[in-house]
Amino acid sequence: MTATTNARSGGHRAHHRKRRRPVGEPPPLPREFSRTAWILLGAFASLTALWLTGIHLYEEMGIWFNEREGAFLRALAENRTGWLTDAMEVVHTVGYTWAVPVIGWATLILLVVAKRFRHLLVYFGSLIAISALVSPISWDVARPRPWGLEQLAPWAGFSHPSLPDAQLTAVLVGVAYSLVPNKAYRKVFGLIIATVVLLFGFSRFYLAVEYPTDLLYGATIGATITAAAFLLICPETVFPVGFQRGRTAHLDLGGARGVAIKSALADQLGFVIVAVEAVGLADSAGSTPMRLTPADPAAVPLFGKLYASSHLRSDRWYKLGRTLLYGRLEDESRFQNVRRLVEREDYLLRLMQDAGIRSAAPMGIATITPEREYLIVTEFLDNAMEVTDADVDEAIIDNALELVRMLWDHGLAHRDVKPSNVMIKGGQAYLIDVAFGQVRPSPWREAVDLANMMLTLALRSSSKLVYDRATLLFTEEEIGEAFAASRGITLPSQLRKELKADARDLADEFRALAPPTPRLSIQRWSLRRIVLALWVVLLACLGVFFGIGNLQGIGLL
Amino acid sequence: MTTRSRLVVVVLALLLLTSCWDSDQGGANVPVPWCDNWGLLMLEAQSVPSARLIPCVEALPLGWSAAPAWVDHEGTSFVLNSSIAGTEAVTVDLLELCDVEDAVRVPSDISGTERYEQVEDIVSGFSGRRTYVFDGGCTALRFDFGVEAAAALVNEVSLAVGFVPREAINEAVRTATDGREQLDP
């Protein structure tokens, strides 16, 4: 390893010899291939095909099972006792009538509260899929209730496979995958599921409502379909289940991912990192930011932002919501993949550096999982603070407004100017988090950048002071234009919150200081927006209609 | 589109399609109870363990169709639709007890049963009830015709709905198992 001085970062960093990953070698964090899910589904499909084929080809097979299992049930019936019968009736009532709707609804509500909508969709969808699968199979097998025995508990339809067992297993397995936070707890919960399902099943044998293979097949369907759905659509590494406070966009930096980050930084960028710790999570929604501590104590730390598919999805949902509410803002097409998102941010960082606009110096991009997770590395602005934590005097105001002037002069827009993105270090203002930046923006976008910067600075000073300093770099007409365009959605949510908490109406104060300027509309109507809105309403209605229509079918009513 | 996205789209499409499946609580939907569907007849017989006769669909006259049945521990129910009389023109229920208090007893066309008739409305079409009472149970046919010409349509229903003796179903189980099993305890 050699130590080199990096002119940009102004410090030292330890160099590790970079290493190209040869063809065939797995990446730092291999893509989670849900082998388990496919094996489960494959085994289930094969066994189902074999079973149904056997029953159809060999009628004797069905009769053989009926007789053997019937003998077992008769033995149970002949040895019934009063107290055990009462107990089994209670167990059956709880499992048949209450367990599925109570557990199902509780889970759905918890998932809504936790904003785990993907898990909610998979949970609900699994129940529908199971109900839809059991019906045609049961019609095909057409197995009546146990012969020669009186059924002592409620039942409905053919007995094979057992729909109540399938539904009970499904709601419990769904809880395991959507609400139980880690694998260790899940194993324990798995034992609980098995116990509950077996107990319920035993009550149904005891009360002569179904045969043992009805339970076996029903529970297998419930467990397999639900588990496979969660493993395929909500893999743990991308959609972790946890109850810590924080945005769902933030990925866990420990475990395999932490090791992968260190290895990727060493091999691809030559940085030897000993610690990876999350920073600034509260104000970041589109990535997982982190501080990277080098092995060399003399070296300056680095800043990293991890982007993954989940961030891409958040970006898409955010843009969809904004399109529906306000129309698509200029150049708001979504990123096709994570790589493009990261490439763009790196490009904008380099543009800003070339233009002399103070921002964190880019250090490169590392692949964590190809096409799924990338880490963009920049210098860490050590000892920097957010502008609203600094003593905002004239010098800082001038410095920060100068950044906006430079953006305008170089045909750039930041598009996310807010307190957490304006850092002060050594009396100088820096713009960070340029992921939303734009080249050759519209005049409207440039105006919004100016307004947001002035509002940010005014939070810790005064509108009069900021206005007066701004007139040294911008015309009064330009400032008037900035505040004519600025309201609501044009303000980043952090800035909006801070302005709301401030007793002053800073935006109005600026409008009063600037020349009167007609309000600029931010509503943009287009055929696309109308069609999109109609589609969303239609899909929502269909979803509600079919969802409610199926609540009884899946046991939630 | 990634593989996972395609998978999500396919799953959503399947969910929407499968949600059209009219699956009732507890899988109570069973196929049309034809009189030669012995598996379903056994299940119907188990729904009213004491019923001596089990209703089923014998044959469908022109213009009639039958819908899947509902079978549970309380009885069996299925409907017949008519291109003339409308959907759910006839509902057939197998029950342990039937209310014939306001009905009039008439000679029965089914051996071993008592037949009761009750007319409810003849102004806007025809609605009424025919109940067959037999040992251990009863079968109620509710007519709801949106048109006139009720007499001809009721006659057609008589052709559509048949009865299988419980003993025949029991015998079917014994035959299939060489006498080792039977339907009833």
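A residue is called buried when its relative accessible area is under 20%, exposed when it is over 50%, and partly exposed in between, as judged with a 1.4 Å probe and the protein chains only. The model is predicted, so that local features need pLDDT of at least 70 and side-chain atom pairs count only at pLDDT 80 or more, whereas totals for chains, interfaces and linings use all residues. Residues are numbered from 1 along each chain as its sequence is written, and side-chain values use heavy atoms, with hydrogens and water left out.

In chain A, buried residues account for 52% of the 557 residues, and the secondary structure consists of 17 helices and twelve strands, taken as DSSP runs (helices H or I of at least four residues, strands E of at least two) numbered from the N terminus.

Over all chains, 32 salt bridges are counted, each being a side-chain nitrogen of Lys or Arg within 4 Å of a carboxyl oxygen of Asp or Glu. One of them joins Lys305(A) to Glu345(A) at 2.9 Å, N to O; because Lys305(A) belongs to strand E5 (residues 302-308) and Glu345(A) to helix H10 (residues 338-354), the pair ties together parts that are 40 residues apart in sequence. Lys305(A) is buried at 5% relative accessibility, and Glu345(A) is likewise buried, at 3%.

Within helix H13 (residues 463-470) of chain A, Asp468(A) and Lys464(A) stand four residues apart, about one turn of the helix, and their side chains form a salt bridge of 2.8 Å, N to O. Asp468(A) is partly exposed at 33%, as is Lys464(A) at 45%.

Key
Chains lettered and ligands numbered in written order.
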